[in-house]
Every structure is written in structure tokens, then in C-alpha cells.
Amino acid sequence: MQVRALDHLVLTVADVSRTCEFYRTVLGMEVVTFGAGRTALRYGQQKINLHPAVRPFAPHARVPQAGSADLCFLIAPPLEAAVAHLQALAIAIEQGPVARTGATGPLVSIYIRDPDGNLLELSVPGDRRLGARA
């Protein structure tokens, strides 16, 4: 077997509506409904399915818990535009810009948190001279 790509992932969240509003407003994701009234966040060719913490859909992670994710999203440059957007929305930047290493090379990243406390790394392609680290 050989894995080709990630199709979707699942976030367990405390409040689906609040999560949708954050990801739509802050990150520009599209809120979609699928199946029997389930909710997802679509961006590019991927999506994030949302499981409410009080009633996660089966099957689910062994211990589904809101706020336990650490995700990295590649965003359109320039990073300064993202910083200005976040500042305009009063979204705190926890760290960055900092050099990091992504799946295909160096990144420059900033870090924020969603309403559940999940860590979100927002990254643009970086310069190898910055000393990127994982």
C-alpha cells in the first residue's frame, strides 16, 4: 500500500457553529453540509469534517477531545497580509514569523489558536537562509 494524499481530517469541537464562523471569517474556508446533516470546512481540494464533542460521529478517535489538534496550513503570500488580516480581526498571534520546515521545504510561519485552542500554523514558502527548523 502507498498513501497518495490526505483527503480530509476530523476536528472534534465544542461548538460547531462557533468553529464554522472562525474558520470562515479568519481563514476563508467554505462551510459545507454533507451526509445526514454533517458539517465540514472546505478549502482547496481538502476538507475538515467537524465532530461535536458531545456527540462525535462513529467511528471516531479513541479519545475525541476538542482543542488537541496542531495543524499547519499553507497560505497565499505575502505573510504580512495575513498578519494584517489577523490584527484587523483582533486575533492574537502567539508566535512568529518564524522559520520552519514543511513537507516540501522551508516555511515562514505564524501561529494562532482557534476557538477550541487548537494550534494553527499559517505558513508561506520560506528562505533556506532563515535556518528553518521543524
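Contact means heavy atoms within 4.5 Å; helices (H or I, at least four residues) and strands (E, at least two) are DSSP runs numbered from the N terminus. The model is predicted: local features need pLDDT of at least 70, side-chain atom pairs count only at pLDDT 80 or more, and totals for chains, interfaces and linings use all residues. Residues are numbered from 1 along each chain as its sequence is written, and side-chain values use heavy atoms, with hydrogens and water left out.

**View 1. The open sheet has four strands in the order 5-8-7-6.** Its pairing is mixed, two strands being paired if DSSP finds at least two bridges between them. Strand 5 (70–74) and strand 6 (95–101) form the edges, each pairing on one side only.

**View 2. Strand 5 and strand 8 (residues 119–125) run parallel.** Five bridges join these strands. Cys72 stands opposite Glu121 in strand 8.

**View 3. Helix 1 (residues 16–27) packs on the sheet.** Helix 1 touches strand 5, strand 7 (106–113) and strand 8, and its direction makes about 20° with that of strand 8. Axes are lines fitted to C-alpha atoms, for helices over the stretch in contact, and angles run from 0 to 180 degrees between N-to-C directions.

**View 4. Helix 2 (residues 79–88) lies across strand 6, strand 7 and strand 8.** Helix 2 runs at about 5° to strand 7.

**View 5. Phe73 touches residues that include Tyr23, Leu27, Met29, Tyr43 and Ile48.** Residues up to four places away in sequence are not counted; among the other contacts of Phe73 are Leu120 and Leu122.
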